[in-house]
Amino acid sequence: MSEVGFYSVKVNKMAEDNSYESTLCVKPEVHVYQIPPRASNRGYRAADWKLDEPAWSGRMKITAKGKIAFIKLEDKNTGELFAQACVEQYPGCVVEAVTDSSRYFVIRIEDGNGRHAFIGVGFADRGDSFDFNVALQDHFKWVKQEGELAKLEASQSSAPPLDLSFKEGQTIKINIGNVKKKEAGCAKSRPVSGGFLPPPPGTKVGGIIPPPMGQQTVKTNTAPLLDFGTSVPAAQPSSDVWGDFTSAGSNSSNDAAKSGWVQFS
């Protein structure tokens, strides 16, 4: 595989920067094919390759540094780099799908000195080729979103700041609403229980003017202030036999019988 091996990349000078390198996708098995020159503009066909005789087999790793994605073909055992492609746009001229299959692609690899070559890459499983395609699509979708966000931030920073301060002589009118009606409604006195309002000061109640404050006296057995035509009899002493308890020292049965208590033996 001398022709393809000539383009093996030992050090990629384009990737020598201080940005963080993230891994987007890893596929353990990939095959590399030598492809004939393109005969026309109709695209590449995998049927024209010797698919049963791959020129090299190994693993593929897709990484990203900033906006650039890198397709790396490495040895399965040692991890030695066999070839690498620098992808700055997808779809683009670096990665191109064939016209007759979804498992094969044409990739332009570089040696770091400005020389490049086109090789065929194929996956044994259709799911691996799908993951390869999606990994590149997602990365460059993120790149596009980052670019749009940067443009938006630049346009916002260049725009003059919005001035919301009051100018000289400028006034503002605030409509508070029906606050006066609410306050008037809250100031109304509520009637006392029973529906009667308290009499104003100095008014006769039941024919009697209450004495001034500080001169009121307390009398017993007097008629109530509000005379509704009925009188309440004075309280009589209680004749309830239960109110007369014997002393704790009286334990005779005669005392218990007189008082109405039942003695338990």
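The entries below go from the overall fold to strands, salt bridges, cores and surface.

**Entry 1: overall look**

I'm working from a predicted model, so I keep that in mind throughout. I counted the secondary structure and got four helices and seven strands. Reading along the sequence, I wrote down the order as α-β-β-β-β-β-β-β-α-α-α.

Next I checked burial: 23% of the 265 residues are buried. The accessible surface comes to about 20300 Å², and carbon and sulfur atoms hold 55% of that. I also looked at contacts with a separation of 6 or more, and 58% of them are between residues 24 or more positions apart.

I picked β2, residues 56–65, to look at in detail. Is it mostly covered or mostly open? Mostly covered, with seven of its ten residues buried.

On one side I looked at β1, residues 21–33, which pairs with β2 in the antiparallel sense over nine bridges. In that pairing I find E21 opposite K65 of β2.

Then I turned to β3, residues 68–74, which also runs antiparallel to β2, here with seven bridges. I noted M60 with L73 of β3 as its bridge partner. β2 and β3 make a hairpin with two residues between them. I checked the turn too: G66 has a positive phi of about 70 degrees there.

**Entry 2: salt bridges**

My search of the whole structure turned up nine salt bridges. As a reminder to myself, side chains of opposite charge can pair when their charged atoms come close.

First I went to E21 and K72, whose side chains meet with 2.8 Å from N to O. How covered are the two ends? E21 is partly exposed, at 31% relative accessible area. K72 counts as buried, because its 16% relative accessibility is under the 20% cut-off.

Next I took K27 and D128, which form a salt bridge at 3.2 Å, N to O. K27 is in β1 and D128 in helix α2, residues 126–158, so the pair ties together parts 101 residues apart in sequence. Both K27 and D128 are buried. I also found D131 here: K27, D128 and D131 are linked in a network of salt bridges.

Last I checked R38 and E96, with their closest N and O atoms 3.1 Å apart. R38 is in the loop between β1 and β2, while E96 is in β5, residues 95–97, and the two are 58 residues apart. I have R38 down as partly exposed at 34% relative accessibility. E96 counts as partly exposed as well, at 26%.

**Entry 3: nonpolar cores**

Which residues have the most contacts inside the largest nonpolar core? I get M60, I71, L73, V95 and F132, in a core of 28 residues. The elements that each supply at least two residues of this core are β1, β2, β3, β4 (81–87), β6 (104–110), β7 (116–122) and α2. α2 gives the most, with five residues. For context, nonpolar side chains in soluble globular proteins tend to be buried together.

I then listed the contacts of I71, leaving out its neighbours within four places in sequence. Among them are M60, A83, A85, V87, V95, I107, F132 and L136. K61 and Q84 are on the list of I71 contacts too.

I also came across a second, separate core of eight residues. Its members include Y33, I35, Y44 and V98.

**Entry 4: a nonpolar patch outside**

To finish, I looked at the surface. F166, I172, I174 and I176 make a nonpolar patch there of about 510 Å². I followed up one of these residues, I176, and placed it in the loop between α2 and α3 (179–187). Is I176 buried or exposed? I176 counts as exposed, because its 67% relative accessibility is over the 50% cut-off.

Definitions and conventions: Residues are numbered from 1 along each chain as its sequence is written. This is a predicted model: local features need pLDDT of at least 70, side-chain atom pairs count only at pLDDT 80 or more; totals for chains, interfaces and linings use all residues. Side-chain values use heavy atoms; hydrogens and water are left out. Buried means under 20% relative accessible area, exposed over 50%, partly exposed in between (1.4 Å probe, protein chains only). Contact means heavy atoms within 4.5 Å. Accessible areas come from the Shrake-Rupley method with a 1.4 Å probe; for residues, only the protein chains shown count as cover. Two strands pair if DSSP finds at least two bridges between them. A salt bridge is a side-chain nitrogen of Lys or Arg within 4 Å of a carboxyl oxygen of Asp or Glu. Patches are made of residues with over 30% relative accessible area and no salt bridge: like charges are joined within 9 Å, nonpolar side chains (Val, Leu, Ile, Met, Phe, Trp, Tyr) within 5 Å. A nonpolar core is a set of buried Ala, Val, Leu, Ile, Met, Phe, Trp, Tyr and Cys residues joined through side-chain atoms within 4.5 Å.
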